Amino acid sequence: MRSIHEGKENKKSVLANVSPPKHINLEKIWNILSHIYSTNIGWSLYADRRSLQFVLLENQSSKQFVTGDQPVINTYGTSDPKKPPQRLEFYYPISSFIALLLVDRKNNVEEKRRTIGHAQVMAYNEHIVRNSHEQLYAATKESLEMYVHL
């Protein structure tokens with residue numbers, strides 16, 4: 001699991017690719033910018049709502065979903081943080097055995113419910129672990145133990 005310092009470093013690496021005028025310090029206005037970006041993403045999702053589909057994931061395995069301090073992730077945006085994702089699939093765990101996917105209808109997703117097994121649960125959990133900054137959450141201690149690195 002990444003530390004909070006690594007999360008701050010990721011923010012710095014993102015900001016390093018932006019060239020603002022010299023009188024603007026992006027570090028000092030990052031908190032405001034992050035809210036603006038969040039609002040823009042929310043509006044974009046609302047505006048494109050007809051092209052998006054919700055899929056309920058039903059966990060049929062004995063492994064539980066975990067969540068973290070960054071619970072909504074684009075599963076297509078987790079492989080290389082330096083490359084922007086070309087596709088959208090938001091994943092959000094709701095409980096230990098239910099999660100929600102928000103997918104692009106262009107991907108021909110007609111299903112409203114999907115039953116998943118052990119391997120898929122572990123893959124979604126890995127997305128959460130990779131994208132968490134400081135904290136992971138689960139319904140049981142056993143669900144977290146495999147992610148604790150002492």
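Of the 150 residues in the protein, 31% are buried (under 20% relative accessible area with a 1.4 Å probe and protein chains only; exposed denotes over 50%, and partly exposed the range in between). The model is predicted, with pLDDT of at least 70 required for local features and 80 or more for side-chain atom pairs, whereas totals for chains, interfaces and linings use all residues. Residues are numbered from 1 along each chain as its sequence is written, and side-chain values use heavy atoms, with hydrogens and water left out.

The secondary structure comprises 4 helices and 7 strands, defined as DSSP runs numbered from the N terminus (helices, H or I, at least four residues; strands, E, at least two). From the N terminus, the order of elements is α-α-β-β-β-β-β-β-α-β-α. Among contacts (heavy atoms within 4.5 Å) with a separation of 6 or more, 68% join residues 24 or more positions apart. The protein exposes about 10,400 Å², of which carbon and sulfur atoms supply 55%; accessible areas were computed by the Shrake-Rupley method with a 1.4 Å probe, and for residues only the protein chains shown count as cover.

The largest nonpolar core contains 18 residues, among which Leu57, Tyr91 and Leu101 touch the most other members. Such a core is a set of buried Ala, Val, Leu, Ile, Met, Phe, Trp, Tyr and Cys residues joined through side-chain atoms within 4.5 Å. At least two residues of this core are supplied by each of strand 1 (52–59), strand 5 (98–104) and helix 3 (118–131), and helix 3 provides the largest share, 5 residues. With residues up to four places away in sequence not counted, Leu101 touches Gln53, Phe54, Val55, Leu57, Glu89, Phe90, Tyr91, Arg114 and Tyr124.

Ser61 is located in the loop between strand 1 and strand 2 (67–68). Its relative accessible area is 13%, and Ser61 is therefore classed as buried. A polar atom of the Ser61 side chain lies 3.2 Å from the backbone oxygen of Lys63. Beyond four places in sequence, Ser61 touches Phe97, Ile116, Gly117, His118 and Val121.

Ile32, by contrast, belongs to helix 2 (residues 26–47) and is exposed, because its relative accessible area is 55%. Together with Ile36 and Tyr37, Ile32 forms a nonpolar surface patch with about 310 Å² of accessible area.

Terms used
Patch = residues over 30% accessible without salt bridge, like charges linked within 9 Å, V, L, I, M, F, W, Y side chains within 5 Å. Salt bridge = Lys/Arg side-chain N within 4 Å of Asp/Glu carboxyl O. Polar contact = N/O pair within 3.5 Å; in protein donor to acceptor, adjacent residues only side chain to side chain.
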